[in-house]
Amino acid sequence: MQRDDSLPAEVRSLLAERAAARAASDWRAADEIRDRIAALGWEVQDGPRGSSARPLLPPGPAPTGYASPDDLASLLDEPASVSASLQVGAEDHAPDLERLLRGLAEHPPSVAWELV
C-alpha cells in the first residue's frame, strides 16, 4: 500500500473523511468519497490498519518496448547505459505481473532504467 505521507494532501484529507464516514456506518458517504478519490486518479485500499490509496493504472495493456532476443545478446557486450536495471522473474500470478508492468509504464522511475 502507498504510504500516507507520500499521498497528495487532498487524497489524505478525503481518506480521513471517508474513515469518519465508515466509522459512522455512513456507507453511502464513504462510497461517494471513494469515487471522489478515484476521480483524482487514486484507488482506495481498505485494510486491517485503515485505508490508504495507490495510483490508478491506465486502462488497457501496458506499452511494450521489449528488445528481441537477438538485440539482447548484442547488448550484453556493451557497457551499462542506464542508472537502474530492474530484473523480474515470474512463473505464476499473471495479474500481479501485469499490475507491476502497467504500474511501471504509468509511473516509471525518475532515472534512466531498463526492465529485464
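How many helices and strands does the secondary structure of the chain come to? Four helices and four strands. Helices here are DSSP runs of H or I with at least four residues, strands are E runs of at least two, and both are numbered from the N terminus.

This is a predicted model, in which local features need pLDDT of at least 70 and side-chain atom pairs count only at pLDDT 80 or more, while totals for chains, interfaces and linings use all residues. Residues are numbered from 1 along each chain as its sequence is written, and side-chain values use heavy atoms, with hydrogens and water left out.

**Stop 1: the whole chain**

Colour by secondary structure and follow the sequence. The pattern reads α-α-β-β-α-β-α-β. Now show the surface. Its accessible area comes to about 8500 Å², and carbon and sulfur atoms account for 53% of that. Accessible areas come from the Shrake-Rupley method with a 1.4 Å probe; for residues, only the protein chains shown count as cover. Of the 116 residues in the chain, 17% are buried. Buried means under 20% relative accessible area, exposed means over 50%, and partly exposed lies in between (1.4 Å probe, protein chains only).

**Stop 2: the largest nonpolar core**

Select Leu-7, Val-11, Leu-14, Leu-15, Ile-33, Ile-37, Trp-42, Val-44 and Ala-53. These nine residues are the largest nonpolar core. Helix H1 (9-23), helix H2 (27-39) and strand S1 (42-47) each give at least two residues to this core. H1 has the largest share, with three. Such a core is a set of buried Ala, Val, Leu, Ile, Met, Phe, Trp, Tyr and Cys residues joined through side-chain atoms within 4.5 Å. In soluble globular proteins, nonpolar side chains tend to be buried together.

Centre on Val-11. What is Val-11 in contact with, leaving aside its neighbours within four places in sequence? Ile-37, Leu-40, Trp-42 and Ala-53.

**Stop 3: Leu-40**

Step to Leu-40, in the loop between H2 and S1. Leu-40 has a relative accessible area of 37%, so it counts as partly exposed. Not counting residues up to four places away in sequence, Leu-40 touches Glu-10, Val-11 and Leu-14. Draw a distance from the C-alpha atom of Leu-40 to that of Pro-55: the separation is 9.1 Å, for two residues 15 apart along the chain.

**Stop 4: the hairpin**

Select S1 and strand S2 (residues 50-55). The two run antiparallel and are joined by six bridges. Strands pair if DSSP finds at least two bridges between them. S1 and S2 make a hairpin, with two residues between them. Find Glu-43: Arg-54 in S2 stands opposite.

**Stop 5: salt bridges**

The structure holds seven salt bridges. Each is a side-chain nitrogen of Lys or Arg within 4 Å of a carboxyl oxygen of Asp or Glu.

Stay on Glu-43. Arg-54 forms a salt bridge with Glu-43, with the closest N and O atoms 2.9 Å apart. This pair links distant parts of the chain, S2 and S1, eleven residues apart. Glu-43 is partly exposed at 27%, Arg-54 at 24% and Arg-99 at 27%.

Next, pick Asp-35 and Arg-34. Their closest N and O atoms are 3.6 Å apart, in a salt bridge. Asp-35 is partly exposed at 45%, and Arg-34 at 33%.

**Stop 6: Arg-18**

Show its surroundings. Leaving aside neighbours within four places in sequence, Arg-18 is in contact with Ala-30, Ile-33, Arg-34, Val-44, Asp-46 and Ser-51.

**Stop 7: a surface patch**

Finish with Leu-86, Val-88 and Leu-100. Together they form a nonpolar surface patch with about 190 Å² of accessible area. Patches take residues with over 30% relative accessible area and no salt bridge; like charges are joined within 9 Å, and nonpolar side chains (Val, Leu, Ile, Met, Phe, Trp, Tyr) within 5 Å. Val-88 sits in the loop between strand S3 (84-86) and helix H4 (94-106). Val-88 is partly exposed, at 31% relative accessibility.

Terms used
Contact means heavy atoms within 4.5 Å.
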